[in-house]
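Good morning, colleagues. I would ask you to look at the sequence and the structure together while I go through selected elements.

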Amino acid sequence: MSDDRLVTPEFSQDDSAAEHALRPKTLDDFIGQHRVRDQIDVLLSAARSRGSAADHILLSGPPGLGKTTLALILASEMQTPIRITSGPAITHAGDLAAILSSLVEGEILFLDEIHRLPRPAEELLYLAMEDFRVDVVVGKGPGATAIPLQLPRFTLVGATTRAGLLPSPLRDRFGFTAHLDFYESSELAEVIRRSAALLQLTIEEEAVLEVAGRSRGTPRIANRLLRRVRDYAQVRSSGGASAKAANALTHSDAMAALEMYEVDEKGLDRLDRSVLTALIERFNGGPVGLSTLAIAVGEETETVEAVAEPFLVRNGFMARTPRGRIATELGWRHLGRTPPAGVATLFDTPAPNA
Ligand code: ADP
């Protein structure tokens, strides 16, 4: 169920062509994240005036917020080629050594999901980042020798959704770390207006705000919801007498499409709502253990924990307590229910990892 969710922040196959067309190409086009943008701007100007590769950069933050986009912008602003790979794609240290030794001077190596790099590759990266060198091991066992190989100066751009999982020796080798935060609704509205223009759509301002408010702080979701509203308007426009221009998206198109795809006004989808509903209706708001909750929803424990719960907790609809999951006052009210007395005081217990 999680793979085909409309509101998943993870990249899905359906996004690939569309995202390519909608990606901002310059730092000026990149919406929001002002602090990170300013910092990168300074970093780039300094590197340009020195005429050398920029420092290694670590981009951290949840999926869909623009890490890949920023890496591509860095390459285009520096007018350097970029090589894209990811932690899980590198299964042996040798894979990484091969990539590193084929880089050209000044090239950017974008390493997505760097926290999933295998340990031996990570160790090889330390030397590469610091001394622009790899030691190629020839032979096996006691007779093995390490032949040092000089690398061109390159810029590593690492991206991670889990900065906390990076070992500190790796983290410390980045000259600059940027953390991307969820976007404000007004910034998502700007993303939607920009994307609509690129897709040659006109969109009513109310529709923009409607989609922005349901996009869970994530540009990737905003763009995806916009495409679904466009699909809806296209189908609606072929409907005979009441037909309107297919490329004109109205507020009622947005409302109808989002209702059809079951994304509610706060961005909760069917899975999120069924978790919250089970918590409230079956367990009277908890506390209840995660696996019991998952069984009640008919989902895998991992799905509830990794897919629905982070969003529900982050937005204050439910909370984790040492005794189990509980629905918050906001959670009760979101489902149109009155919370029982004392719900607010349940928060006095500190929540682990919440
Ligand atoms: P990540 O690498 O963090 O998962 P991406 O860089 O692939 O996210 O961004 C997903 C999509 O969201 C991009 O294709 C782009 O269209 C859009 N996007 C992300 N950040 C921005 C932004 N700041 N301004 C406009 N569009 C953005």
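Strand β2 is joined by 5 bridges to β3, residues 108–112, and the two run parallel. Helices (H or I, at least four residues) and strands (E, at least two) are DSSP runs numbered from the N terminus, and two strands pair if DSSP finds at least two bridges between them. Within this pair, I82 stands opposite I108 of β3.

Please note that this is a predicted model, in which local features need pLDDT of at least 70 and side-chain atom pairs count only at pLDDT 80 or more, whereas totals for chains, interfaces and linings use all residues. Residues are numbered from 1 along each chain as its sequence is written, and side-chain values use heavy atoms, with hydrogens and water left out.

The β2 and β3 strands belong to an open sheet of 5 strands, ordered β2-β3-β6-β1-β7, with parallel pairing. At its edges stand β2 (82–86) and β7 (176–179); each has a single partner strand, so one side of each is left without a neighbour in the sheet. On average, neighbouring strands here are turned by 15° against each other, direction ignored. Axes are lines fitted to C-alpha atoms, for helices over the stretch in contact, and angles run from 0 to 180 degrees between N-to-C directions.

What lies across β1 and β7? It is helix α2, residues 34–50, which runs at about 155° to β7. This helix has 17 residues and spans 24 Å from its first C-alpha to its last, close to the 24 Å expected at 1.5 Å a residue; the expected span is 1.5 Å times one less than the number of residues. Its buried residues are V36, R37, I40, L43, L44 and A47. Seen down the axis of α2, these residues fall within an arc of 130°, so they line one face of the helix; the arc is that of the directions from the helix axis to the C-beta atoms. Buried means under 20% relative accessible area, exposed over 50%, and partly exposed in between, with a 1.4 Å probe and protein chains only. The face turned away from the buried side of α2 carries the exposed residues R35, V42 and S49. The buried residues of α2 pack against β1, α3 (67–78) and β7, where contact means heavy atoms within 4.5 Å. Just after α2, G51 takes a positive phi of about 70°.

Let us turn to helix α7. Residues 185–198 form this helix, and its buried residues include L188, V191 and I192. Among the elements covering the buried residues of α7 are α1 (16–22), α2 and α9 (219–237). Helix α9 is also the place of R228. Is R228 buried or exposed? R228 is buried, with a relative accessible area of 12%. Leaving aside neighbours within four places in sequence, R228 is in contact with L6, D14, A257 and Y261.

Finally, consider strand β10, residues 318–321. Both of its faces are covered: M318 and R320 on one side, and A319 and T321 on the other, are all buried. Strand β10 is joined to β11 (residues 324–327) by 4 bridges, and the two run antiparallel. The bridge partner of A319 in β11 is I326. Together β10 and β11 form a hairpin, with 2 residues between them.
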